[in-house]
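Visitor: I'd like to learn how to read a few features of this model. Could we go through them one at a time?

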Amino acid sequence: MKFGAAAKVGVAFVLLLVLSACVGGVEDTGDDGYIGGSKKIDTIPVGERQQAPVLSGVGLDGEKISTADFAGQTIVVNLWGSWCPPCRKEAPVLKIAAEETADQDVQFLGILAKDDPASAKAFNTKVGITYPSIHDADGRNQAAFADTLGALGIPTTWIIDEKGRLAARITDSELSAATLIDIIEWTKADSPA
């Protein structure tokens with residue numbers, strides 16, 4: 001049997017996809033064909049922390065928002081999209097952690113990736129998430145972390161300490177609220193004023 005040029009290209013493409021899924025810690029989560037990144041928690045000791053980027057843009061409510069608005073607070077930044085199965089699974093965990101740390105000078109902020117603000121707003125309403133999200137249509141806010149602890153996939157969560165320094169990156173959609181709260185508390189305890 002002879003293969004035409006189109007068939008050869010098709011076979012090569014399938015092989016490339018299979019091989020690319022075997023490297024770099026990529027795994028199939030089994031959720032709607034979504035392929036996610038490594039599950040990992042990276043923490044940075046206080047003496048090694050670098051200044052986090054200032055994130056800004058238009059929120060889902062149409063108002064301008066920036067991490068500078070929350071200076072002096074611990075900020076938990078979550079890169080997400082309502083189209084992303086692991087993000088949808090993780091959302092209740094973020095909601096619980098945001099509610100349980102609200103009186104501890106902790107601010108949660110979403111960075112909406114590759115999503116329609118109306119869809120994201122509807123999802124947040126359904127789940128009960130009340131913290132703001134920046135619509136990051138051009139990926140500028142996500143890319144701002146590239147020089148420190150860049151995103152390994154969606155979802156990715158970063159924790160910024162009270163002095164505006166990057167303290168942790170989480171890329172684990174199996175994260176529990178208790179573990180996220182522990183990392184927030186570690187960040188606060190390890191960041192003397």
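Guide: K40 sits in the loop between β2 (35-36) and β3 (41-43). Elements here are DSSP runs numbered from the N terminus: helices are H or I with at least four residues, strands are E with at least two. A word on the ground rules: this is a predicted model, where local features need pLDDT of at least 70 and side-chain atom pairs count only at pLDDT 80 or more, while totals for chains, interfaces and linings use all residues. Residues are numbered from 1 along each chain as its sequence is written, and side-chain values use heavy atoms, with hydrogens and water left out.

Visitor: Is K40 buried, exposed or partly exposed?

Guide: Buried means under 20% relative accessible area, exposed means over 50%, and partly exposed is in between (1.4 Å probe, protein chains only). With a relative accessible area of 39%, K40 is partly exposed.

Visitor: Which residues does K40 touch, not counting those up to four places away in sequence?

Guide: Contact means heavy atoms within 4.5 Å. On that basis K40 touches R169, I170, T171 and D172. Take D172: it is 132 residues from K40 along the chain, yet their C-alpha atoms are separated by 5.6 Å.

Visitor: Now the inside. Which residues touch the most other members of the largest nonpolar core?

Guide: A nonpolar core is a set of buried Ala, Val, Leu, Ile, Met, Phe, Trp, Tyr and Cys residues joined through side-chain atoms within 4.5 Å. The largest one here has 42 residues, and V77, F108, W158, I159, L166, L180 and I184 touch the most other members. Elements that each supply at least two of its residues include β6 (74-80), β9 (156-160) and α5 (177-189). As for V77, its contacts beyond four places in sequence include L55, L109, I111 and W158.

Visitor: How many aromatic pairs does a search of the whole structure find?

Guide: Rings of Phe, Tyr and Trp (its six-membered ring) pair if their centres lie within 6.5 Å; planes under 30 degrees apart are stacked, over 60 edge-to-face, and the rest tilted. The search finds 3 pairs. One of them, W80 with F123, is tilted, at 5.9 Å centre to centre and 40 degrees between the planes. W80 belongs to strand β6 and F123 to helix α3, so this pair ties together parts 43 residues apart in sequence.

Visitor: What about F145 and W158?

Guide: Those two are stacked: 3.8 Å centre to centre, 5 degrees between the planes. F145 counts as buried at 0% relative accessibility, and W158 does at 1%.
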